[in-house]
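Here is a short report on one protein chain. It goes from the whole chain to single residues.

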Amino acid sequence: FCKKMTYHDLLEQLLCSINSKLYMLHRCANYPGITGLQTFLESKLEGTIVENDGSIVCKQWIFTDRTTLKESIKPISEYLDILIQEIEKLTTHHFIAKNQSNYFDNLKETLKPNEVIIILDFAENYSFVVQDATQG
């Protein structure tokens, strides 16, 4: 790649509009799917296929009982399949996170005297630990 790409660049190749709720949540009848993104990525990696015998070194988060960043060598076709699948999953998360952030900013700006904002985080890996419990 000549220029550093972000996931925003890839989202733009996958969707007609990254600002449209219908596209971002895959609810639009005109949702273009993965074809545009796949063509875009293949064109960017075209020279790499010859240089690296059709494989690419990549890093991927592996989720087990903990999260680990694992480096591996994959065939470019397998790498593209994984990348496209993950970018497609990211569209919904990106849309929701962006809208939650905008909503929170609006709440802070319109907060009235004697009002508070309480934020709770219910993470999936939450575990209750008693402070004075014996270590074992």
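Residues 24 or more positions apart account for 45% of the chain's contacts with a separation of 6 or more; a contact means heavy atoms within 4.5 Å. The model is predicted: local features need pLDDT of at least 70, side-chain atom pairs count only at pLDDT 80 or more, and totals for chains, interfaces and linings use all residues. Residues are numbered from 1 along each chain as its sequence is written, and side-chain values use heavy atoms, with hydrogens and water left out.

The chain holds five helices and two strands. Their order from the N terminus is α-α-α-α-β-β-α. Helices (H or I, at least four residues) and strands (E, at least two) are DSSP runs, numbered from the N terminus.

Of the 136 residues in the chain, 21% are buried. Buried means under 20% relative accessible area, exposed over 50%, and partly exposed in between (1.4 Å probe, protein chains only). The chain exposes about 11000 Å², and carbon and sulfur atoms supply 53% of that area. Areas come from the Shrake-Rupley method with a 1.4 Å probe; for residues, only the protein chains shown count as cover.

| Helix | Buried residues | Cover includes |
|---|---|---|
| Helix 1 (residues 7–14) | Asp9, Leu10, Leu11, Leu14 | helix 3 (35–44), helix 5 (76–109) |
| Helix 3 | Leu37, Phe40, Leu41 | helix 1, helix 5 |

The buried residues of helix 3 are Leu37, Phe40 and Leu41. Seen down the helix axis, they fall within an arc of 95°, so they line one face of helix 3. The arc is that of the directions from the helix axis to the C-beta atoms.

Asp9 lies in helix 1. Its relative accessible area is 18%, so Asp9 counts as buried. A polar atom of the Asp9 side chain lies 2.9 Å from the backbone nitrogen of Thr6.

Cys16 sits in the loop between helix 1 and helix 2 (21–24). Cys16 is exposed, at 55% relative accessibility. Cys16 and Gly33 are 17 residues apart in sequence. Their C-alpha atoms are 9.8 Å apart in space.

Which residues form a nonpolar patch on the surface? They are Trp61, Phe63 and Leu69, with about 380 Å² of accessible area together. Patches are made of residues with over 30% relative accessible area and no salt bridge; nonpolar side chains (Val, Leu, Ile, Met, Phe, Trp, Tyr) are joined within 5 Å, like charges within 9 Å. A salt bridge is a side-chain nitrogen of Lys or Arg within 4 Å of a carboxyl oxygen of Asp or Glu. Trp61 belongs to strand 1 (residues 55–63).

Terms used:
A polar contact is a pair of N or O atoms within 3.5 Å; within protein, one must be able to donate a hydrogen and the other to accept it, and residues adjacent in sequence count only if both atoms are side-chain atoms.
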